[in-house]
Amino acid sequence: MAPSGVVVSSTGEIFVSDRQHFRVLVYPPDSRTPHRVIGQSNFTNAVSFRGAGKLNSLRFPDGLTLDAEGGLYVCDAGNHCVLYFPHGSKEATRVYGQRGMTVALPSATSLHSPRGVAVTRDGVWIADSSNNRVLFYPDTKTTATLVLGQPSLTSNEPGTAVDRLHFPLAVRPDANGGVYVVDSWNNRVLYFPAGASEATRVYGQPNGPYGVPSASTLRLPADCALDPQGGLYVADANNNRVLYYPPGVTTATRVWGQGGDFSCGEQNMGGAGAGLSRPTAVALGPDGRLYIADLGNNRVLGFA
């Protein structure tokens, strides 16, 4: 119910954040029946855990990512942390942020409702949504050493400048060391080159307010994904569509969910079987298939 995150392993397993059931489901390749559950003791439980212990439970899980060894990172947004589950494990062995009910002041070790996570060979990126920032943690350390969207690790004021963020929901590193950040409440995606604290490329509105749907506008985008060539897929949630941008281009050339019409943002355009309703996550499988978490329709769709 309310799928909010999706990631696909190198072998084709599909991991889905089942947000309102407080769990992550794992599907074998090309199967519609999950064979593993994380965050609950079985497939029929839907217990909302809120507290500092129990590293096998979740509260409103959101963004997901996998490392090269198959370990799973889960944004446990309701507990203000990101959990790391080694490959095949149902219990986390690493915690980013403060596990539990408390919302702490912004620091190098605190998080507030994190919603997006990504991993590289050098470390972990986390979209610390309610602190209006993105943090980088080197290697397997749980203390951040770099912040995007804020002038320091102790500030969290939102803004519309190209060095500020407002409720970022996702972060995606590219092959050149840069990162794409879905700056949701500013209705845009920003690209920060490696080592830069200011974005040099903007997808969507440059300074906040959303416009009518077009190939160059966004409305509360929720996630993004990159293909091997550097093309960008964006889940444009409140326009009920997913857009594709060729490498380095800020005008979309493909659209899913609106029958090919860039000027339409209708919910379930063409009916629930053909359209989308608030897509919140996108991922690419090893075969190039596009997966979309269609939150408003409580499903994940795969497009060849």
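1. Leucine 135 and valine 147: in this predicted model, leucine 135 stands opposite valine 147, a residue of strand E12. The strand that E12 is joined to here is E11, residues 133–138. There are 3 bridges between E11 and E12, and the two run antiparallel.

2. The sheet around this pair. E11 and E12 belong to an open sheet of 4 strands, in the order E9-E10-E11-E12, with antiparallel pairing. At its edges are strand E9 (116–119) and strand E12 (146–148), each of which pairs on one side only. On average, neighbouring strands of this sheet are turned by 20° against each other, with direction ignored.

3. Is glutamine 98 buried or exposed? Its relative accessibility is 17%, so glutamine 98 counts as buried, the cut-off for buried being under 20%. A polar atom of the glutamine 98 side chain lies 2.6 Å from the backbone oxygen of leucine 111.

4. Histidine 80. Although histidine 80 is not a glycine, its phi is positive, at about 60°. The residue sits in the loop between strand E6 (72–76) and strand E7 (81–85). Histidine 80 counts as buried because its relative accessibility is 6%.

5. Asparagine 240. Asparagine 240 is placed in the loop between E18 and strand E19 (241–245). With a relative accessibility of 7%, asparagine 240 counts as buried.

6. Proline 228. The loop that holds proline 228 runs between strand E17 (223–226) and strand E18 (232–236). Why does proline 228 count as exposed? Its relative accessibility is 79%, and the cut-off for exposed is over 50%. Proline 228 and glutamine 40 are 188 residues apart along the chain, and their C-alpha atoms are separated by 34 Å.

7. Empty space inside. Rolling a probe the size of a water molecule over the atoms shows where empty space is left. How many cavities of 30 Å³ or more does the count give? The count comes to 1. The largest cavity has a volume of about 50 Å³.

8. The lining of the largest cavity. Among the residues that line the largest cavity are Phe15, Arg36, Ile38, Leu66 and Gly70. The lining also includes Leu72, Phe85, Pro86, His87, Gly88 and Ser89. By type, the lining residues divide into 6 nonpolar, 4 polar and 1 charged.

Note on methods. Residues are numbered from 1 along each chain as its sequence is written. This is a predicted model: local features need pLDDT of at least 70, side-chain atom pairs count only at pLDDT 80 or more; totals for chains, interfaces and linings use all residues. Side-chain values use heavy atoms; hydrogens and water are left out. Two strands pair if DSSP finds at least two bridges between them. Axes are lines fitted to C-alpha atoms, for helices over the stretch in contact, and angles run from 0 to 180 degrees between N-to-C directions. On a 1 Å grid over the protein atoms alone, a cavity is a set of points where a 1.4 Å probe fits but cannot get out, and a pocket is an open set with protein on both sides within 12 Å along at least five of seven lines; lining residues have an atom within 4 Å of a point. Grid points are joined across faces, edges and corners, and a volume is the space filled by probe spheres set on the points. Ala, Val, Leu, Ile, Met, Phe, Trp, Tyr, Cys and Pro count as nonpolar, Asp, Glu, Lys and Arg as charged, and the others, Gly among them, as polar. Buried means under 20% relative accessible area, exposed over 50%, partly exposed in between (1.4 Å probe, protein chains only). A polar contact is a pair of N or O atoms within 3.5 Å; within protein, one must be able to donate a hydrogen and the other to accept it, and residues adjacent in sequence count only if both atoms are side-chain atoms.
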